[in-house]
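Below is a set of questions and answers on a protein model. Keep the sequence and the structure in view while reading.

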Amino acid sequence: RNTLNKLKAYNGNKDVLFKDINFAFADGFVKYLVGRVTQNTIRKHHKNFKQFIKIAIKKGLYEKKNPCDDLKVKEQEVKIIALTWEQLQSIENLTFEPYDKQLSLFRDMFLFQSYTGLRVSDLMSLKPEHIKRNGNEIMIYKTTIKVNKHAKIPLHKLFPLPDEKTTRPIKVLEKYYDENKDFIFKPYEPQTYNK
C-alpha cells in the first residue's frame, strides 16, 4: 500500500495504469524517490513495484517485459547501532518525579521491548491473554502484527535477577499486569511513544 501511494504521488496523484508503465516510468519513479526516502527504502519500493508487474505478467495484465528487470537499485549498508549493557542499565536506573508517570511508563515499556525483542506494535497490543503462567514459567504467546508469525517468549529465562529470583522483563510485567485490563501497557500512538 505504501509503494502504491508513492507510485500515485509520482504519477501526479492519478492511478497508475499498466499501459503507462515502461522503463522510463520505472526509472523516473526511482529518481523521484531519491531525497524523499532512504536508499534502502527506495530499494524496497523498487522491489515491490517489480513484484506487482511480475504478478500482472502472470495474470496476463501486462504483456511487455518487466521494465524493473533492467533497473538496478543497490542496497546501502547500514551501521546498526545498539545500546550497550551499561547504557541499558542507566536507563533502568533512572528515577522520575511523581508527576513524570508517563516518562516512567515509557521507560518501562522501552526496557520491556529491549528485554523481549517485541516491536512497538506488538508491545502496544500486548494483552493479559497473551501471558501464560505455568508454575515459575511465564511466557508470552502472541501472533506478531508486522510479520504475522507466532512468537513464544520465555520471560522466565531472559535477563535473570539472581538476588530477586526473577527476571528483568517479569519485574516490569508485574508492575503493569492486570488481568481485568484490555492491554498490559496503555496503548499510545507510536509517534508519541517514540518521541
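Q: Which elements do the buried residues of α5 pack against?
A: In this predicted model, the buried residues of α5 include Leu105, Phe106, Met109 and Phe112. The elements that the buried residues of α5 pack against are α4 (85-92), α6 (120-124), β2 (137-143), β3 (150-154), α7 (168-176) and α8 (190-194).

Q: How far apart are the end C-alpha atoms of helix α5, and what span should its 16 residues have?
A: Helix α5 covers residues 101-116. The expected span is 1.5 Å times one less than the number of residues. For the 16 residues of α5 this should give 22 Å, and the distance between the end C-alpha atoms agrees, at 22 Å.

Q: Which residue follows α5, and what is its phi?
A: The residue that follows α5 has a positive phi. This residue is Gly117, with phi near 80°.

Q: Is Lys142 buried or exposed, and what is its relative accessible area?
A: Lys142 is placed in strand β2. A residue counts as buried under 20% relative accessible area. Lys142 is therefore buried, with a relative accessible area of 5%.

Q: With which side chain does the side chain of Lys142 make a polar contact?
A: Leaving aside neighbours within four places in sequence, the residues in contact with Lys142 include Asp122, Leu126, His130 and His150. Ser125 is also in contact with Lys142. The polar contact of the Lys142 side chain, at 2.9 Å, is with the side chain of Ser125.

Q: How many of the eleven residues of helix α2 are buried?
A: Helix α2 runs over residues 23-33 and is mostly covered. Its buried residues include Phe25, Phe29, Val30 and Leu33, and what covers the buried residues includes α1 and α3. The number of buried residues in α2 is eight.

Q: Which residue caps the N-terminal end of α2?
A: A side-chain oxygen of the capping residue lies 3.1 Å from the backbone nitrogen of Ala24. The residue that caps this end is Asn22.

Q: How are α1 and α3 placed to each other: roughly parallel or roughly perpendicular?
A: The axes of α1 (residues 2-10) and α3 (residues 39-58) come within 9 Å and cross at roughly 90°. Where they meet, α1 contributes Asn2, Thr3, Lys6 and Leu7, and α3 contributes Lys44, His45, Asn48, Phe49 and Phe52. By class, this contact has three nonpolar, four polar and two charged residues. Angles of 65 to 115 degrees count as roughly perpendicular, and α1 and α3 are therefore roughly perpendicular.

Definitions and conventions. Residues are numbered from 1 along each chain as its sequence is written. This is a predicted model: local features need pLDDT of at least 70, side-chain atom pairs count only at pLDDT 80 or more; totals for chains, interfaces and linings use all residues. Side-chain values use heavy atoms; hydrogens and water are left out. Axes are lines fitted to C-alpha atoms, for helices over the stretch in contact, and angles run from 0 to 180 degrees between N-to-C directions. Helices (H or I, at least four residues) and strands (E, at least two) are DSSP runs, numbered from the N terminus. Angles under 35 degrees count as roughly parallel, over 145 as roughly antiparallel, 65 to 115 as roughly perpendicular and the rest as oblique. Contact means heavy atoms within 4.5 Å. Ala, Val, Leu, Ile, Met, Phe, Trp, Tyr, Cys and Pro count as nonpolar, Asp, Glu, Lys and Arg as charged, and the others, Gly among them, as polar. Buried means under 20% relative accessible area, exposed over 50%, partly exposed in between (1.4 Å probe, protein chains only). A polar contact is a pair of N or O atoms within 3.5 Å; within protein, one must be able to donate a hydrogen and the other to accept it, and residues adjacent in sequence count only if both atoms are side-chain atoms.
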